[in-house]
Amino acid sequence: MTKTDFVGMTNMTAQVKIDEVDVKILRALVADARTKLKDIAKECGLSSTAILNRVKRLKAAGVIVGSVLFLNMNQMGFMYAASIGMNVKIHEKEECLSIIRNRSNVLIVGESAGSNTLRAFVQAKSLKDLDNLKQSIRNQLGSRKISVNLWGTPQFLFDNIELEP
Amino acid sequence: MDGTDLEILQLLVRNPQEPFYRIAKKVGVSPRTVQRKVQKMKEAGLIHCFSIIIDLSKLGYQGEAYLHITNAPGYDKATTIDGLKGIPNIFLITEIIGDFDVMAIAAVKDYQSIVNMVNTIKQLPSVEKVETDFVTETQFPATTKFTEQLTPEKPSSS
């Protein structure tokens with residue numbers, strides 16, 4: 001089977017075969033990573049050991065790569081979350097990535113194909129902090145175009161993801 | 001939030017699946033206290049959820065699409081958000097103040113699935129324009145990098 005690859009995506013990762021039970025396990029853990037194995041086992045009609053072995057297999061196969069705690073960052077004092085889109089020259093991309101990656105307040109930064117070359121997800125305690133971050137990125141990148149888009153309260157719809165055996 | 005809460009939170013950010021009895025030992029309280037405090041932080045909305053990170057490239061996905069949506073005049077953002085909720089593989093939606101009105105992030109399998117998704121969104125009456133950025137990130141719903149960057153500090157207000 002051949003698939004259309006995107007620009008920059010030359011090698012497709014080998015797909016891992018999963019079945020209905022694996023899908024149930026993944027869904028349960030995405031919804032709550034602290035779900036007890038015995039609860040998943042009950043839902044699947046299997047033993048806790050069987051579920052544990054499957055979780056181990058999913059980890060070994062690189063399907064499950066970690067876990068994450070989503071905090072309400074507003075309550076942590078970070079009142080602003082924003083996407084920053086940056087247009088940089090292609091030969092400066094790597095350098096820009098490494099500069100931005102190490103800044104505090106920058107949670108995610110990566111390459112993008114579309115209207116921006118790079119995009120970052122950042123958080124700040126005040127608009128002033130956000131502006132400072134933007135200005136300092138601009139100083140690093142020169143006069144390249146930077147767009148800042150402020151987030152409202154995001155809605156998570158993790159159940160929307162299609163996981164198929 | 002007291003000092004113990006913060007310590008628990010910091011441990012949970014580092015390892016969201018760490019058993020409560022181990023956290024209890026580290027911070028010097030009983031496992032029940034840890035459980036009660038975590039429950040309180042959930043109820044207060046400070047802890048949104050614990051999730052695992054899946055590498056979707058292993059399951060046939062090639063990346064994520066950032067969908068930047070401009071609303072048609074006369075419609076509010078909520079109408080667009082409601083319309084987006086029913087579209088498979090869109091896993092985050094937020095209002096935006098800036099160059100556009102609503103942003104959605106979706107996991108995408110291939111080129112055709114982006115095209116189909118954008119067409120579906122464009123058919124929503126409240127949507128005027130959709131701009132798409134594609135990233136090759138396939139870790140869902142967040143990246144392991146995101147977890148490393150997140151360090152809860154004591155809020156200055158309390």
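In the predicted model, B:T4, B:D5 and B:I8 of helix α1(B) meet B:V34, B:K37, B:V38 and B:M41 of helix α3(B); two residues are in contact if their C-beta atoms, placed from the backbone, lie within 7 Å. Helices (H or I, at least four residues) and strands (E, at least two) are DSSP runs, numbered from the N terminus. By class, this contact has four nonpolar, one polar and two charged residues. Ala, Val, Leu, Ile, Met, Phe, Trp, Tyr, Cys and Pro count as nonpolar, Asp, Glu, Lys and Arg as charged, and the others, Gly among them, as polar.

The axes of α1 (residues 3-14) and α3 (residues 31-43) of chain B come within 11 Å and cross at roughly 85°. Axes are lines fitted to C-alpha atoms, for helices over the stretch in contact, and angles run from 0 to 180 degrees between N-to-C directions. The two helices are therefore roughly perpendicular (65 to 115 degrees) to each other.

The contact between the chains takes 57 residues from chain A and 62 residues from chain B. On the side of chain A that touches chain B, the largest share, eight residues, comes from β1(A). That side divides into 29 nonpolar, 22 polar and six charged residues.

B:F91 touches residues of both chains, including A:F156, A:F158, B:I105 and B:F140, not counting residues up to four places away in sequence.

Residues are numbered from 1 along each chain as its sequence is written, and chains are lettered from A and ligands numbered from 1 in the order in which they are written. As the model is predicted, local features need pLDDT of at least 70 and side-chain atom pairs count only at pLDDT 80 or more, while totals for chains, interfaces and linings use all residues.

Terms used. Parallel < 35°, antiparallel > 145°, perpendicular 65-115°, else oblique.
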